[in-house]
Amino acid sequence: MGTTISTRTLGTASPLTVSALGLGCMGMSEFYGSPDEQGGLATIHRAIDLGVSFLDTADMYGPFTNERLVGMALAGRRDRVQLATKFGNERAEDGTRIGINGRPDYVRRACDASLGRLGTDHIDLYYQHRVDPTVPIEETVGAMAELVEAGKVRHLGLSEASAQTIRRAHAVHPITALQTEYSLFTRDLEDEILPVLRELGIGLVPYSPLGRGILTGAMHVGSAEDGDSRASAYFPRLNGENLQHNLRLVDAIRQLADQHGCTPGQLALAWVLAQGEDVVPIPGTKRVRYLEENIGSLDVSLSSEDLASLEAAVPRDAVRGDRYGDMSHIDA
């Protein structure tokens, strides 16, 4: 591939420079069909060789198996990446979901466990995966700040936090990045959250920038394989009449992508990348060919007119269905 991957900097008070496009590793181990350890290893190695230096995982993926996979992949390569992981969605070894946990004692234990599985002495960006409504954010971030002081963590992040929570957290310790869902299909953060991030100098790391795959144009009714959670009621916009409606929006994106000589997914990623130099999307895949396709989005240049055409093709209120069947775990 001839694409040169540039860098972007997340955060201003505690800046972290990463590749302009990251790699989400979750689907290598769970949720999107059968786990694929060998495919995951090959994809991570290829990503690093091509210049993708920002890897994202979490302890709950697997659970725990994804961190072990990433740790295995980084053997001898750790100094070439900025490694992000998360805590807070507590699960047992058998996969049972225990709940959201932001207690300080758990923060410390979770970090030590992640360091062990990842085979590293530090985490570059450590996120609270979900906000615990039973624990003041000041207490959770205070414990996270202790990890920075101890040298176990370099930078702090939040995931799916509200504007108010972000402000409170940032007052305790500089927050480098917020990870949240953001794509042509999910733009609600533009109202309150994105302005606060810009005001405070916090970077944005969009997960599911391809709408959990629908924006690639490869998804259709009945296309999900066994074990793919996207076929469940947990993702309302990817099922039933909602899916049929939303696929028509993807057709409009496909027409615009044809004009640019790229794939729908590359156009959708280019749109996210065009939202600011403080935005670093982390599309996930367990296949080298999709990784390479995603990297190709960096070569797609969009004018203001192109962006307007895309947003007209997919108006904010046109997408049908909530992004989760249960939104109660999202901080509001």
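This report describes strand pairing and salt bridges in one predicted model.

Residues are numbered from 1 along each chain as its sequence is written. Because the model is predicted, local features need pLDDT of at least 70 and side-chain atom pairs count only at pLDDT 80 or more, while totals for chains, interfaces and linings use all residues, and side-chain values use heavy atoms, with hydrogens and water left out.

Strands (E, at least two residues) and helices (H or I, at least four) are DSSP runs numbered from the N terminus, and two strands pair if DSSP finds at least two bridges between them. Strand 10 (residues 175-181) pairs with strand 11 over five bridges in the parallel sense, and Leu 178 stands opposite Leu 204 in strand 11.

A salt bridge, meaning a side-chain nitrogen of Lys or Arg within 4 Å of a carboxyl oxygen of Asp or Glu, occurs 22 times by this rule. The table gives three of them.

| Pair | N to O distance |
|---|---|
| Arg 103 and Asp 105 | 3.9 Å |
| Arg 167 and Glu 199 | 2.7 Å |
| Arg 316 and Asp 191 | 3.0 Å |

Arg 316 lies in the segment after helix 10 (304-313) and Asp 191 in the loop between strand 10 and helix 6, so this pair ties together parts that are 125 residues apart in sequence. Beyond these pairs, Glu 160, Glu 181, Arg 212 and Arg 323 are linked in a network of salt bridges.
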